[in-house]
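Open the model in your viewer and keep the selection tool handy. We will take one stop at a time, and each stop says what to select and what to look for.

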Amino acid sequence: LAVAAAAASTRLGARAIFYYALIPAVIATLRLVLWDAWRGGWHTGGYHILGLQLTPWTLLMLGAGVSWLVLAMLRAREPSGRTPPVMGVMAMILFMRAGVHPASAYESLFGWWFLWALAPGVARSRLPRLRLIYATVIGAVLCSGLWAVLFLPDGTRHAAPLLLQPGLITGLVLAAQWSIVARWLHADQMPASTWRSAIAAALVVFFLSTSLEAARVVQRVSDDPAARGAGVSLWWGVFAAVLLIAGFWRRSSPFRWGGLVLLGVTSLKLVIIDLASVPMLWRTISFLALGLLMIAVPVAYARLAKREEANAAAPGEGPPTPDSESADPTGNSPHARNPADSNHRDQPPHSS
């Protein structure tokens with residue numbers, strides 16, 4: 001009924017009918033999400049496919065998502081329509097919510113959300129008036145929340161083989177999702193702060209997922225709590241070094257600052273927490289090594305920064321000067337006169 005009323009309002013040019021059509025759509029959506037999902041009988045039975053429990057309620061939710069998407073497309077036909085992006089986000093959320101079931105596997109549920117979160121970004125060029133890039137960003141945020149709730153609590157206690165923990169794999173997928181979102185934001189000429197935030201989110205997810213896996217690997221190798229903490233600190237130091245190298249390679253100051261901050265946090269963790277129960281001899285050796293590292297990093301950073309500034313200020317890379325523009329490859333100015341030509345021009349003309 002809502003879609004039919006919206007189509008009639010678009011054909012007749014009556015905007016009031018369209019807003020009237022939103023009333024049954026909102027009522028039906030609220031009933032599906034708040035009542036039928038928990039108290040109705042539509043959420044029982046069904047089929048278990050690829051780790052997802054699909055029930056009649058799933059089909060109703062997918063139908064509601066399609067209805068909201070059609071409403072957004074109908075509304076987008078008007079040049080002044082501002083509600084299509086909101087309706088597009090509503091459709092994506094309903095599609096993602098359709099896969100939620102207590103019997104669904106966590107990995108399958110994350111994959112379901114991941115696909116529906118990327119779908120608006122893939123279709124954004126075909127439906128430009130819906131501005132689906134906003135739905136893509138919101139979908140990535142929702143996937144990040146789902147990943148944090150499902151996989152972070154048991155990140156180190158999972159019995160999966162090494163490097164095959166579901167939290168690590170889904171975390172890498174989520175980091176790739178944020179990278180794709182950052183590329184799409186940059187391609188759509190969104191503000192620089194948006195795609196830079198997406199890159200930061202990708203790095204944070206990658207850092208968290210790999211840190212949990214590093215802790216799990218060290219836990220398999222050694223039972224010493226100090227060794228576990230030192231292993232995680234070692235990975236943090238490697239990650240900080242990679243950020244510093246990437247910052248100098250890409251000439252990105254946020255990467256460099258992030259690497260320096262992470263290196264400082266790693267040093268504090270190593271001194272205050274990891275070395276608290278270590279014997280005095282090993283603690284002294286660790287402090288000496290850490291001190292040498294803290295001295296070497298600023299020196300190397302200062303030299304690389306000075307070299308970068310020198311390369312940026314090199315004459316060959318800067319704008320051409322007037323002297324360089326007027327000089328020929330031999331080093332002579334094209335405006336300088338040849339002495340022979342000067343003598344020839346200074347001679348009086350021959351009389352006929």
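One definition before we start: a crossing of two helices is left-handed if the near helix is turned anticlockwise from the far one by less than a right angle, and right-handed if clockwise. Keep in mind, too, that this is a predicted model.

**The whole protein**

Show everything as a cartoon. The protein has 13 helices and two strands. Of its 352 residues, 36% are buried. Among contacts with a separation of 6 or more, 65% join residues 24 or more positions apart.

**Stop one: α2 and α3**

Select residues 15-36 for helix α2 and residues 56-75 for helix α3. How far apart are their axes, and at what angle do the helices pack? The axes are 11 Å apart, and the angle is about 160 degrees. Angles over 145 degrees count as roughly antiparallel, so α2 is roughly antiparallel to α3. Now use the definition from the start: α2 passes α3 in a left-handed crossing.

Next, show the side chains where the two helices meet. On the α2 side, pick R15, F18, Y19, L22, A25, V26, T29, L32, V33 and D36. On the α3 side, pick W57, L60, M61, A64, W68, L71 and R75. Colour this contact of α2 with α3 by class and you will find 13 nonpolar, one polar and three charged residues.

**Stop two: along α3**

α3 has 20 residues and reaches 29 Å from its first C-alpha to its last, close to the 28 Å expected at 1.5 Å a residue. Which residues of α3 are buried? They are W57, T58, M61, A64, G65, W68, L71, A72, L74 and R75. Bring the neighbours back: these buried residues of α3 pack against α1 (2-12), α2, β2 (52-54) and α4.

Zoom in on W57, which lies in α3. Is W57 buried or exposed? Buried means under 20% relative accessible area, and W57 has 0%, so it counts as buried.

**Stop three: α4 and α5**

Select residues 84-97 for helix α4 and residues 106-123 for helix α5. These two pack at about 160 degrees, with their axes 9 Å apart. That angle makes α4 roughly antiparallel to α5. Here α4 passes α5 in a right-handed crossing. The contact is made by M92, F95 and M96 of α4 together with W112, W113, W116, A117 and P120 of α5. By class, the contact of α4 with α5 has eight nonpolar residues, no polar and no charged.

**Stop four: R131**

Most residues other than glycine have a negative phi. Select R131, in the loop between α5 and α6 (133-151). Its phi is positive, near 50 degrees, although R131 is not a glycine. R131 is partly exposed, with a relative accessible area of 36%.

**Stop five: α7 and Q189**

Select residues 166-187 for helix α7. Its 22 residues reach 31 Å from first C-alpha to last, close to the 32 Å expected at 1.5 Å a residue. Then move on to Q189, which follows α7 and belongs to the loop between α7 and α8 (192-221). Q189 is another residue other than glycine with a positive phi, about 60 degrees. Where R131 is partly exposed, Q189 counts as exposed, at 74% relative accessibility.

Technical notes. Residues are numbered from 1 along each chain as its sequence is written. This is a predicted model: local features need pLDDT of at least 70, side-chain atom pairs count only at pLDDT 80 or more; totals for chains, interfaces and linings use all residues. Side-chain values use heavy atoms; hydrogens and water are left out. Axes are lines fitted to C-alpha atoms, for helices over the stretch in contact, and angles run from 0 to 180 degrees between N-to-C directions. Helices (H or I, at least four residues) and strands (E, at least two) are DSSP runs, numbered from the N terminus. Angles under 35 degrees count as roughly parallel, over 145 as roughly antiparallel, 65 to 115 as roughly perpendicular and the rest as oblique. Contact means heavy atoms within 4.5 Å. Ala, Val, Leu, Ile, Met, Phe, Trp, Tyr, Cys and Pro count as nonpolar, Asp, Glu, Lys and Arg as charged, and the others, Gly among them, as polar. The expected span of a helix is 1.5 Å times one less than its number of residues. Buried means under 20% relative accessible area, exposed over 50%, partly exposed in between (1.4 Å probe, protein chains only).
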